[in-house]
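Subject: Structure handover

Hello,

The structure is below, with my notes after it. Please check them against your own copy.

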Amino acid sequence: MRNVLPILTVVTAIMVIWYAASVGMNKKWTYDQAGRAGTEVTFTEMVVDTWAQERPVLPAPHQVVAELYRSTVEKKITSKRSLVFHGWITLSATLLGFVFGTGMGILLAIGIVHNRAMDMGVMPWAIASQTIPILAIAPMIVVVMNTIGATDLLGKEAATAMFGYQPAFMKGILPKAVIAAYLSFFPVVVGMVKGLRSPDHMQLDLLKTYNASKSRTFWSLRMPSSTPYLFTSLKIGMAAALVGAIVSELSAVPLRGLGARMLTGSYYGQTIQIWAALFAAATLAATLVAIISWIERRSLKKMGMS
Amino acid sequence: MTQEVVIQAQNLDLTFPTNDGDVHALKDVNLDIHKGDFVSFIGPSGCGKTTFLRTIAALETPTAGTVTVNGMTADEARKSRAYGYVFQAAGLYPWRTIRGNIKLPLEIMGYSKAEQEEHVTKVLDLVDLRGFGQKFPWQLSGGMQQRASIARALAFDANILLMDEPFGALDEIVRDHLNEQLLQLWDRTNKTIAFVTHSIPEAVYLSTKIVVMSPRPGRISDVIESTLPRERPLDIRDTQEFQDIAHRVREGLRAGHAYD
């Protein structure tokens, strides 16, 4: 209970600032409309109007909540207007990319720790890869993969043969997953290199006195020791994968997913839609990271490392 | 005595190159350790006692001279798993139970499941940790953890036990108790033990042979054959004989050691 008060205080402060900012940013439109209609608006009327515009500069919180409700609960989840549908498109690309990125990251880290040439050769490239703005490289990956036809998880025929139809998320998932993987492998590489090197000299010497092989040392000591580092990396990697998926949806075909919702929203001045998609993305990220944290707590406790 | 020599060092030299020039860690070290000996290495820090132990274990390579262990080179002896090594810290894996930790070397060395269980049960008895096998390291006190790490070094059938200040991080009461237990263990298993310490009473109480070392360069300044009987209750430390040996160790330390 002691935590409730500070949390409530912060939330209240955000709400107050947000509502006030809505008034400040949207009042010009209200006064312009009144001016054109030749009517006068009182202060109260103005405030009420700024919180209920159709295309406000900054939508009020309750408008965003209402939009979230409309586009999740009131829409069929198969509808193109459902945020659940778009959320699932983004989530599937995120998860696929995350799995690949994490796998790649772990393999690279293992190579780097065991091979000096890889240590010198791979790390600079891994770092360089992250200095390229994702916004610049994402459209290129999408275009290249579209050109070579590597866009769907299974081909239309293969998917139809297997499921009777092609699930929506499979269409155009690959370029998005590649970009998600591109962003998520890096924290895993860095974290796992550190983690696999975390056993101290004494621990390594002990295994040397047993004349243990490198693979033995890896499975018995390095891998378990790296677990706390792995989970930290996974949390960052997951958030990065989601960002990658959303950014890639700005240029991917078909135009679907939370990123696409933000893009179409901005085309048509649907600020409320943009904010709803933003909140959906934030909720998704928070949920994914919370799931990893939960697994982390359980595993580390079981391993006696918490 | 015509006892078999288990560890032999001849004209051993070891220098570590560092940025500030070479550090002469061991200089012209000659020593025979016989089967069943309990040998302590004592000296101030920097005298090379740990380095010497690590050289016997083939964790360091000498610059010159030879070390033979069981008639083999140190590295061959390491590969044939001739010794168990106990470090200053217990270094148990937190993700394994005590049994699991003691089983680790047995798994690596390819003992069968049945042998593993048998050996673990035997050494748990030996270090008086019966009933703690299923506990995790964090559930045990520091002294118990160190006993578990000794059990781990005893679990496989090496006839040599190398111990690098195993009780250095423990308080004196626990240390006395573990010293007593270690002597009993040595008596029962008939292993050859090489033991690094910087406590004079510990060295005198435990050893059949005390090797006094001095620093810069690390060398042996005195080797004292203990006249104490094998059977040693804790209060043997109050006898004149014990005091005499301790005195000679202290003299040896003083002689070999410039205090400036």
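This is a predicted model: local features need pLDDT of at least 70, side-chain atom pairs count only at pLDDT 80 or more; totals for chains, interfaces and linings use all residues.

Residues are numbered from 1 along each chain as its sequence is written, and chains are lettered from A and ligands numbered from 1 in the order in which they are written.

Chain B has 8 helices and 10 strands (DSSP runs numbered from the N terminus: helices are H or I with at least four residues, strands E with at least two). Its C-alpha atoms fill a box of roughly 50 × 40 × 40 Å along the principal axes. Of the 260 residues in chain B, 45% are buried (20 or more other C-beta atoms within 10 Å of the residue's own, with C-beta atoms placed from the backbone).

Between the chains, 15 residues of chain A are in contact with 19 residues of chain B (C-beta atoms, placed from the backbone, within 7 Å). Helix 9 (201-209) and helix 10 (214-225) of chain A each give two or more residues to that side of chain A, and helix 9 gives the most, with 6 residues.

Within chain A, the axes of helix 4 (residues 83-114) and helix 12 (residues 258-267) come within 7 Å and cross at roughly 125° (lines fitted to C-alpha atoms over the stretch in contact, with angles from 0 to 180 degrees between N-to-C directions). A:His86, A:Gly87 and A:Thr90 of helix 4 make the contact with A:Leu258, A:Gly259, A:Ala260 and A:Arg261 of helix 12.

Regards

Conventions. Two residues are in contact if their C-beta atoms, placed from the backbone, lie within 7 Å. A residue is buried if 20 or more other C-beta atoms lie within 10 Å of its own, exposed if 12 or fewer, and partly exposed in between; C-beta atoms are placed from the backbone.
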